[in-house]
Amino acid sequence: MVVLPYTIAFLLLSSLQTVKIANSQSFIGINYGQVADNLPPPPSTAKLLQSTLIQKVRLYGSDPAIIKALANTGIGIVIGTANGDILGLASDPNFAKSWINTNVLPLYPASNIILITVGNEVMTSNDQNLMNKLLPAMQNVQNALNDASLGGKIKVSTVHSMGVLKQSEPPSSGSFDPSYGDLMKGLLEFNSVNGSPFAINPYPYFAYRSDTRPETLAFCLFQPNAGRMDGNTKIKYMNMFDAQVDAVYSALNSMGFKNVEIVVAETGWPFKGDDNDVGPSIENAKAYNGNLIAHLRSMVGTPLMPGKSVDTYLFALYDEDLKPGPGSERSFGLFKTDLTMVYDVGLSTSSQTQPLAAVTQPLVLAAATNTSTSTTNNNSSTSTSTTTGTGTSTSTSSSTNNISISSGNGSNKVYLNRIFYLGLLYGFMGLSLICFFSFFWCFPGILTPFLKGEKSHSGFVATPPNKFNSQCAS
C-alpha cells in the first residue's frame with residue numbers, strides 16, 4: 001500500500017524521539033571549581049563535557065576562556081559574581097552594567113548563559129553588611145540584563161547553604177531561620193517576580209558525618225535501610241536528599257513561595273579524605289552520585305514535588321588541589337585532570353552503568369498503621385559543611401529521622417517503564433494510521449457521498465456498488 005512507507009517512516013521517527021527523550025538529562029549539571037593549579041585547558045574540558053550526559057555547568061566566577069570554550073555546545077552555563085563584588089554591584093548600577101557588558105554580552109548567545117548567581121552562601125556568612133546588600137546587588141544585575149534586553153533569557157539569583165533553615169526535620173516542618181526575617185522574604189519576592197530559582201546546597205554527606213550509624217549511611221546513599229517517616233504527612237522517605245530538598249520546599253511554602261523553583265546548586269560525596277575523616281571512600285562516593293543520578297533519571301521526584309526532577313549540579317567536575325581544609329575538601333571530583341573518570345556513575349554517553357542501589361516510589365501510609373513507626377528512630381543530627389566553590393563557606397544541615405528507603409530496582413523500572421509505554425503509544429498511533437488509511441483504501445466509496453454532499457435516506461452514507469470488489473480484489 002502506498003501509505004505503508006510513510007507509516008514506517010513515522011514509526012522510525014517516533015522511536016528516535018523516544019530515545020532522545022530517554023537520553024535527555026537536562027536536569028543534570030556539574031560544578032566546575034577552579035581553586036587548583038593543574039586543571040586541563042578549557043577546550044579539553046568542553047570536549048569532555050560533550051562526551052557526557054551533563055547538560056549544565058556551574059562556574060563560581062565568569063572565566064571568559066571557559067565560557068568561550070563552551071560556545072556552540074548547547075551546554076547551559078551558570079556564571080557567578082564574587083562575594084567581594086556585591087558591595088560594588090549594590091551601590092553602583094553602572095558597575096552592574098559594566099559587569100554584564102564584560103562578562104555576558106560579548107559571549108551570549110553563542111555561549112548559553114542561563115543564570116547569574118550573585119555571591120555564594122552570603123546569608124550564612126555572618127557578614128551583616130554583605131547580607132543587607134545582596135538584594136540590591138541582585139536587582140542592579142537584573143536591571144542591567146533588562147537594559148540589554150536579556151532579562152527574560154538569563155535569570156539572576158544567589159546560592160544558599162542549608163544553614164538558612166531553622167528546622168529541616170521532619171521535612172514537612174521545614175522553615176527558614178527567622179533571624180533572616182525581611183531579608184529572606186525580599187530575596188524570595190525577587191525570585192518570584194523574576195522567575196528565578198532558589199538555589200540551595202544540600203549535602204547528605206555532612207549529615208552522615210554527625211551521625212555515623214550504618215543505617216544513616218544507607219539512608220544517605222539511597223541504599224536499603226529501616227526508613228524514616230515524616231509524622232505529619234505519614235510519608236516514608238527514601239533518602240536524605242529527598243528529605244533535605246522537601247524541607248526547603250516546605251520552608252518556601254511556609255512563606256508563601258511554593259511556586260519558586262528549587263535548584264540544587266551543589267551536592268556530592270568525597271572519594272577520599274584524611275585518616276580521621278568519616279565517610280569518604282570510592283565506594284560511598286560512587287554509591288551516592290550514581291544512585292542520585294539514577295533517582296533523577298527516574299523522574300519520580302520528591303514526595304512533596306512528585307513527577308519531576310529538580311535541576312541538580314553535582315560537586316564536582318575536578319578535584320581542586322589548592323582548596324583549604326581537610327583532605328576530603330580536595331577529593332570531590334568525578335574526573336581526574338587527565339580527563340579520565342575517578343569512578344564511573346554512568347554519565348558518559350559511551351558507558352552508562354547501573355546504580356548500586358536503585359530507589360523506589362515513596363510510600364504514603366495511613367495514620368492508623370503508623371503510630372509505632374513514627375515514634376521510633378527519633379534521632380536528629382546537625383552537620384556543618386565547608387564545601388563550596390571557594391572552600392570557605394559554611395553549611396549546616398539537619399538530618400531528618402522517621403523516613404524510609406526501599407530496596408529493589410524501582411528507579412530503573414520506573415524510568416524504563418515510561419520509555420516502554422511511550423514507545424507503545426507511538427506504535428499504537430502508527431498502527432492506527434495504517435488501519436485508517438487501509439480502510440479508506442479498500443472502501444473509498446464511503447467518502448464519496450460526503451465529498452458530494454450526498455446522504456442515504458437512512459442517515460448512513462450510501463456506498464456505490466462494486467467498489468469493494470474493484471479495489472480489494474486487485
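**A strand barrel and its buried contacts**

The side chains of Glu 266 and Arg 58 come together in a salt bridge, with N and O 3.3 Å apart. The pair joins distant parts of the chain, since Glu 266 sits in strand S11 (residues 262-267) and Arg 58 in strand S2 (residues 56-59), 208 residues apart. A salt bridge here is a side-chain nitrogen of Lys or Arg within 4 Å of a carboxyl oxygen of Asp or Glu; helices (H or I, at least four residues) and strands (E, at least two) are DSSP runs, numbered from the N terminus. Glu 266 is buried at 0% relative accessibility, and Arg 58 is buried at 2%. Buried stands for under 20% relative accessible area, exposed for over 50%, and partly exposed for what lies in between (1.4 Å probe, protein chains only).

The model is a predicted one, in which local features need pLDDT of at least 70 and side-chain atom pairs count only at pLDDT 80 or more, while totals for chains, interfaces and linings use all residues. Residues are numbered from 1 along each chain as its sequence is written, and side-chain values use heavy atoms, with hydrogens and water left out.

The salt bridges number 6 in total. Another of them links Lys 97 and Asp 147, whose closest N and O atoms are 3.8 Å apart. Lys 97 belongs to helix H5 (residues 93-103) and Asp 147 to helix H6 (residues 128-147), so this pair ties together parts 50 residues apart in sequence. Lys 97 is partly exposed at 36% relative accessibility, whereas Asp 147 is exposed at 56%. A further bridge joins Asp 211 and Arg 213 at 2.9 Å, N to O. Through shared partners, Asp 211, Arg 213 and Glu 215 form one network. Within it, Asp 211 is buried at 11% relative accessibility and Arg 213 is partly exposed at 21%.

Turning to the overall fold, 8 strands close into a barrel in the order S1-S2-S3-S4-S5-S8-S11-S14, with parallel pairing. From one strand to the next, the twist averages 25°. Two strands are taken to pair if DSSP finds at least two bridges between them; strand S5 (residues 155-161) and strand S8 (residues 198-201) do so in the parallel sense over 3 bridges. Here Val 159 stands opposite Ala 199 in S8. Helix H7 (residues 181-194) packs on the sheet and touches S5 and S8, its direction making about 145° with that of S5. Helix H10 (residues 240-254) also packs on the sheet, touching S8, S11 and strand S14 (312-314), at about 140° to the direction of S11. Axes are lines fitted to C-alpha atoms, for helices over the stretch in contact, and angles run from 0 to 180 degrees between N-to-C directions.

The largest nonpolar core holds 97 residues, of which Val 104 and Phe 198 touch the most other members. Such a core is a set of buried Ala, Val, Leu, Ile, Met, Phe, Trp, Tyr and Cys residues joined through side-chain atoms within 4.5 Å. Beyond its neighbours within four places in sequence, Phe 198 has contacts (heavy atoms within 4.5 Å) that include Phe 176, Met 184, Leu 188, Val 248 and Leu 252.

Leu 165, in strand S6 (residues 165-167), is buried, with a relative accessible area of 10%. Leu 165 and Asp 177 are 12 residues apart in sequence, and their C-alpha atoms are 5.2 Å apart in space.
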